[in-house]
Amino acid sequence: LQSTMSVEVERKFVCDADIQKQLEEIGAVCIGQKQFQDKYFDTPDFLLTLRDVWLRCRQGCWELKCTTVTKAEDRVGEPQKAELCSRYQEITNLSQIQLKVREFMKEGNGEQKTANQTHPVVHQDTPKTEGAENCPTGNESWLMELNLVCFAEFTTQRCSFTFGGEGDESGVRVDLDQADFGYCVGEIEVLVPKGEDIQSALRKIEKTAQRLGLSGDQRVQGKMDVYLQRYCPEHYAKLLSASIL
């Protein structure tokens with residue numbers, strides 16, 4: 001990411017066999033393919049994800065994604081198609097991440113003093129991994145201090161496309177992801193510097209979706225939705241109940 005704090009506006013879509021050809025036909029240029037491993041962390045009672053906050057380590061780099069709009073707000077004063085897009089603030093500076101996580105933990109502990117802790121289920125075919133040794137990027141004692149454990153771990157093959165010029169698709173990126181647990185999903189994404197106009201990003205994403213012939217008025221599941229549904233059903237149920245997913 002270009003900055004340590006920005007807003008990622010994104011719409012997911014179901015990939016079909018012709019998607020790469022369609023992208024090239026509307027002027028998208030493939031900028032490369034890569035593989036990366038993600039490890040997601042939370043407390044055993046899901047203090048972060050129940051706030052729609054996602055802490056992950058991607059190839060040794062820490063990232064924190066915090067929602068910028070509630071699901072209820074999502075439906076007020078915006079076109080119906082805007083509901084298909086997610087909006088997350090992305091923080092990539094480790095000091096800022098640690099500060100923000102501690103704030104969320106303090107709020108969560110205040111609200112859930114009597115909550116019973118239940119350990120999340122990890123991928124049934126993956127050895128259980130917890131604590132600092134999972135993401136060797138230096139001193140990770142803060143994970144242990146805050147009782148943060150790895151609840152999801154998977155690898156993604158990604159093929160990325162962008163649009164050149166100054167047209168409607170300027171700044172739009174399309175990622176085609178294939179997760180190692182057998183799920184494929186596409187993402188149309190625009191990164192917006194914090195404080196700048198989100199509506200412009202929504203319009204660009206909708207324009208790109210129209211040109212790709214995407215239809216439907218239901219949100220498409222992301223990789224994490226499917227992973228939790230398959231391998232961590234208790235965690236998935238709690239997020240569904242809290243209207244996070």
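Leaving aside neighbours within four places in sequence, Leu176 is in contact with Phe13, Cys15, Ile19, Gln20, Leu23, Gln157, Arg158, Cys159, Phe161, Val185 and Gly186. Display those side chains and keep them on screen for the next stop.

**The nonpolar core**

Leu176 is among the residues with the most contacts inside the largest nonpolar core, together with Val9, Leu23, Val174 and Ile188. That core has 24 residues. To see where they come from, colour strand 1 (5–13), helix 1 (19–25), strand 6 (149–162), strand 7 (173–179), strand 8 (184–193) and helix 5 (198–211); each of these supplies at least two residues of the core. Which element gives the most to this core? Helix 5 does, with five residues.

**The whole chain**

Zoom out. The protein chain has seven helices and eight strands. Of its 245 residues, 49% count as buried. Among the contacts with a separation of 6 or more, 71% are between residues 24 or more positions apart. The accessible surface of the chain comes to about 12,200 Å², and carbon and sulfur atoms account for 47% of that surface.

Now colour by pLDDT. The chain averages 83, and 78% of the residues score at least 70. Select residues 71–77, where the pLDDT is below 50; beyond near neighbours in sequence, the model gives this stretch 11 contacts. Then select residues 114–124, over which pLDDT also stays under 50. For residues 114–124 the model has 30 contacts beyond four places in sequence. Where pLDDT is low, the predicted coordinates should not be read in detail.

**Helix 6**

Select residues 223–231, which form helix 6. Is this helix mostly covered or mostly uncovered? Helix 6 is mostly covered, with seven of its nine residues buried. Those seven are Lys223, Met224, Asp225, Val226, Tyr227, Leu228 and Tyr231.

Begin with Lys223, which lies in helix 6. Lys223 counts as buried because its relative accessibility is 8%, under the 20% cut-off. Not counting residues up to four places away in sequence, Lys223 touches Phe154, Thr156, Arg158, Asp177, Ala179, Phe181, Tyr183, Val185 and Glu187. Arg158 and Val185 were also on the contact list of Leu176.

Move along helix 6 to Val226. Val226 is buried, at a relative accessible area of 5%. Leaving aside neighbours within four places in sequence, the contacts of Val226 are Phe181, Tyr183 and Gln221. Draw a line from the C-alpha atom of Val226 to that of Tyr183: the two residues are 43 apart along the chain, and these atoms are separated by 7.7 Å.

**Helix 6 against helix 7**

Two packed helices are described by the angle between their axes and the distance between the axes. For helix 6 and helix 7 the angle is about 125 degrees, and the axes are 6 Å apart. Helix 6 is therefore oblique to helix 7.

**Gly108 in helix 3**

Select Gly108, placed in helix 3 (residues 94–111). Gly108 is buried, with a relative accessible area of 0%. Leaving aside neighbours within four places in sequence, Gly108 is in contact with Leu47 and Arg51. Leu50 is 58 residues from Gly108 in sequence, and the C-alpha atoms of the two are 9.3 Å apart.

**Two backbone stops**

Most residues other than glycine have a negative phi, and most peptide bonds are trans. Go to Gln59, in the loop between strand 3 and strand 4 (61–67). Although Gln59 is not a glycine, its phi is positive, about 50 degrees. Gln59 is exposed, with a relative accessible area of 51%.

Finish at Ser243, in the segment after helix 7. Ser243 is not a glycine either, and has a positive phi of about 60 degrees. With a relative accessible area of 44%, Ser243 is partly exposed.

Note on methods. Residues numbered from 1 in each chain as written. Predicted model: local features only at pLDDT ≥ 70, side-chain atom pairs only at ≥ 80, totals over all residues. Heavy atoms only, no water. pLDDT = per-residue confidence, 0-100. Contact = heavy atoms within 4.5 Å. Helix = DSSP H or I, 4+ residues; strand = E, 2+ residues; numbered from the N terminus. Buried < 20%, exposed > 50% of the residue type's maximum accessible area, 1.4 Å probe, protein only. Areas by Shrake-Rupley, 256 points an atom, 1.4 Å probe, with all protein chains shown as cover. Core = buried A, V, L, I, M, F, W, Y, C linked by side-chain atoms within 4.5 Å. Axes fitted to C-alpha atoms, helices over the stretch in contact; angles between N-to-C directions. Parallel < 35°, antiparallel > 145°, perpendicular 65-115°, else oblique.
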